[in-house]
Each structure stands twice: as structure tokens, then as C-alpha cells.
Amino acid sequence: MRSSAPPVRPRRRRLCRLPFGGFRELRLTCLLSRDACAKFLGVSPRTVRYWEAGRYRVPWSAVRLLRLVRTGDLGALAPEWEGFELHRDVLRTPEGYLFTRQDFRAWWWDRQRLAHLLAEREAATVAP
């Protein structure tokens, strides 16, 4: 008995058309070696070599991620991040505040603790 459901097509990856040497130039402007770039993108160094040689087309996600690393502009990801900049381990807000990884850990811990205290307070006021 045949199924009446239409066949499911595999999702196509979006590929970027870079000019010859474009990926290598992008990688070098990010100050990444081939091995560092491969590790950062989660691919093998051979794949990076093939992308640079034009043997394989580069996935758009890899190009977008390297452009983000190069410019540091998080507004390219989504409109909500407009004005935020990422430079190595520091996030700069539109207001000019700087946050390091340690600052985020402290902030996150404070927010978790505050949420826990507010939940306890809410439970205490609701209980008879």
C-alpha cells in the first residue's frame, strides 16, 4: 500500500559565492591561521584549504560568522543587537558599557539569585 504523503525533500544548505581568494582574504583579516579557522568553524583544516582553493563552495553560515568576528558588529545577527559590538572577550553596549566574560557570570548569578528570592517571596505571600 502506498503512502499518499508527498516525499520530503532534503533541505538545501545556503552556499556563498565568494570570488577566488575571497575566503582566504576573509580568514586573514580575522587574523586566523588555517588550523585556528578550522577549529573555530568546526571543520577540518582540509575543508578550509578546499574552500580557499575554490574546490568546495563555502557555507553562508561560515562566511557570516567570520564577518561577525572581523567587524564585531552584533547588529548583523538581529535588529535587537543593533549598536552592540564584540571585540575579543569584551562586549560593548550602545551606551558605552563594557562587559567581560566574568562580568556576565556575576550578572547571571545575581539574576538567578534575585529570581529565586522573588519566587520565595511570592510563595510566602500567597500561602495562608
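Visitor: In this predicted model, which helix holds R27?
Guide: The model is predicted. R27 sits in the helix that spans residues 22–29. That helix is α1.

Visitor: Is R27 buried or exposed?
Guide: Buried means under 20% relative accessible area. R27 has a relative accessibility of 5%, so R27 counts as buried.

Visitor: Which side chain does R27 join in a polar contact, and at what distance?
Guide: Setting aside neighbours within four places in sequence, R27 is in contact with several residues, including V48 and E52. A polar contact links the side chains of R27 and E52. The partner is E52, at 2.4 Å.

Visitor: Where is E52, and is E52 buried or exposed?
Guide: E52 belongs to helix α3. The relative accessible area of E52 is 7%, against a cut-off of under 20% for buried. E52 is therefore buried.

Visitor: Which residues is E52 in contact with, leaving aside neighbours within four places in sequence?
Guide: One of them is R27, whose side chain also makes the polar contact with E52.

Visitor: Which residues of α1 are buried, and why are they on the same side?
Guide: The buried residues of α1 are G22, F23, L26 and R27. They lie on the same side of α1 because they cover an arc of only 135° around the axis. In general, an α-helix has 3.6 residues a turn, so residues three or four places apart point the same way.

Visitor: What do the buried residues of α1 pack against?
Guide: The partners include helices and a strand. They are α2 (34–41), α3 (45–53), β2 (58–59) and α4.

Visitor: Which residue follows α1, and what is its phi?
Guide: α1 is followed by L31. The phi of L31 is positive, near 60°.

Visitor: Where is W60, and what separates its C-alpha atom from that of L18?
Guide: W60 is placed in helix α4. At 23% relative accessibility, W60 counts as partly exposed. W60 and L18 are 42 residues apart along the chain. Their C-alpha atoms are separated by 9.8 Å.

Visitor: Which residues make the nonpolar surface patch, and what is its area?
Guide: One of them is L65, in helix α4 (residues 60–71). L65 counts as partly exposed, with 33% relative accessibility. Patch residues need over 30% relative accessible area. The patch is made by F40, L65 and V69, and its area is about 230 Å².

Terms used
Residues are numbered from 1 along each chain as its sequence is written. This is a predicted model: local features need pLDDT of at least 70, side-chain atom pairs count only at pLDDT 80 or more; totals for chains, interfaces and linings use all residues. Side-chain values use heavy atoms; hydrogens and water are left out. Patches are made of residues with over 30% relative accessible area and no salt bridge: like charges are joined within 9 Å, nonpolar side chains (Val, Leu, Ile, Met, Phe, Trp, Tyr) within 5 Å. Accessible areas come from the Shrake-Rupley method with a 1.4 Å probe; for residues, only the protein chains shown count as cover. A salt bridge is a side-chain nitrogen of Lys or Arg within 4 Å of a carboxyl oxygen of Asp or Glu. Helices (H or I, at least four residues) and strands (E, at least two) are DSSP runs, numbered from the N terminus. Buried means under 20% relative accessible area, exposed over 50%, partly exposed in between (1.4 Å probe, protein chains only). A polar contact is a pair of N or O atoms within 3.5 Å; within protein, one must be able to donate a hydrogen and the other to accept it, and residues adjacent in sequence count only if both atoms are side-chain atoms. Contact means heavy atoms within 4.5 Å. The arc is that of the directions from the helix axis to the C-beta atoms.
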